[in-house]
Amino acid sequence: MLANRSVSFVVPFVVTFALMTPCLVAFPDAAAKAGPVCSSPQSDWQKSHLKAKGFTEVIFFASWCQSCVSHLQAATDKSLLVAVYDTRAAAEKALAHIFRKNSPPPPCVFDANHQLGKEFQVDSLPAKFPL
């Protein structure tokens, strides 16, 4: 009976770790040079003001989101990248890895307070909105 309890605890842990392992290794340490920096959103960075700033699209992403990579790779200098549900360091590390050949990467905002996420009603990732 005790063996069954330990197995029922270990199996979900092993399955969770196995599922997370590709995410943990997806973005190895970037080169030693300084990578992209995700700034904090400014108070006027609302949907209605972003087009006036010259952005053509907004891409919401997280470093752990494997599906976000293709959206990020297709980003242009007119894209605004928004890191959500993540840490600033992890988002910057992911961007440094993805854009290691492109210079400079598109502008990035770290949406810690979900200001832009609420504005665009983001409920899943990746999320891409044309302006």
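Hi everyone, let me start with a bond: the link of Cys 65 and Cys 68 is right-handed, with 85° about the S-S bond. A word on the source: this is a predicted model, where local features need pLDDT of at least 70, side-chain atom pairs count only at pLDDT 80 or more, and totals for chains, interfaces and linings use all residues. Residues are numbered from 1 along each chain as its sequence is written, and side-chain values use heavy atoms, with hydrogens and water left out.

How confident is the predictor? pLDDT is its confidence in each residue, from 0 to 100. The protein chain has a mean of 77, and 71% of its residues reach 70 or more. Over residues 6–33, though, the pLDDT is below 50, and beyond near neighbours in sequence this stretch has 19 contacts in the model (a contact means heavy atoms within 4.5 Å).

Back to the cysteines. A disulfide here is a pair of cysteine sulfur atoms within 2.5 Å, and searching the whole structure turns up two. In the one I opened with, Cys 65 and Cys 68 have their sulfurs 2.4 Å apart. Cys 65 counts as buried at 6% relative accessibility, and Cys 68 is buried too, at 1%; buried means under 20% relative accessible area, exposed over 50%, and partly exposed in between, with a 1.4 Å probe and protein chains only.

The other disulfide joins Cys 38 to Cys 108, S to S 2.2 Å. Cys 38 lies in strand S1 (residues 38–39) and Cys 108 in strand S4 (residues 108–110), so this pair ties together parts 70 residues apart in sequence. Helices (H or I, at least four residues) and strands (E, at least two) are DSSP runs, numbered from the N terminus. The torsion about this S-S bond is about 80°, so this disulfide is right-handed. Counting bonded cysteines along the chain, the pattern is 1-4, 2-3.

Now the sheet. What is the order of its five strands? The open sheet runs S1-S4-S3-S2-S5, with mixed pairing; two strands pair if DSSP finds at least two bridges between them. S1 and strand S5 (127–130) stand at the edges with a single partner strand each, so one side of each has no neighbour in the sheet. S2 and S3 pair in the parallel sense over five bridges, and Phe 60 has Val 82 in S3 as its bridge partner.

Last, helix H4 (residues 88–98). Its buried residues include Leu 95 and Ile 98, and the buried residues of H4 pack against S1, strand S2 (57–61), helix H3 (68–73), strand S3 (79–83) and S4. Thanks, everyone!

How values were computed:
pLDDT is the predictor's confidence in each residue, from 0 to 100.
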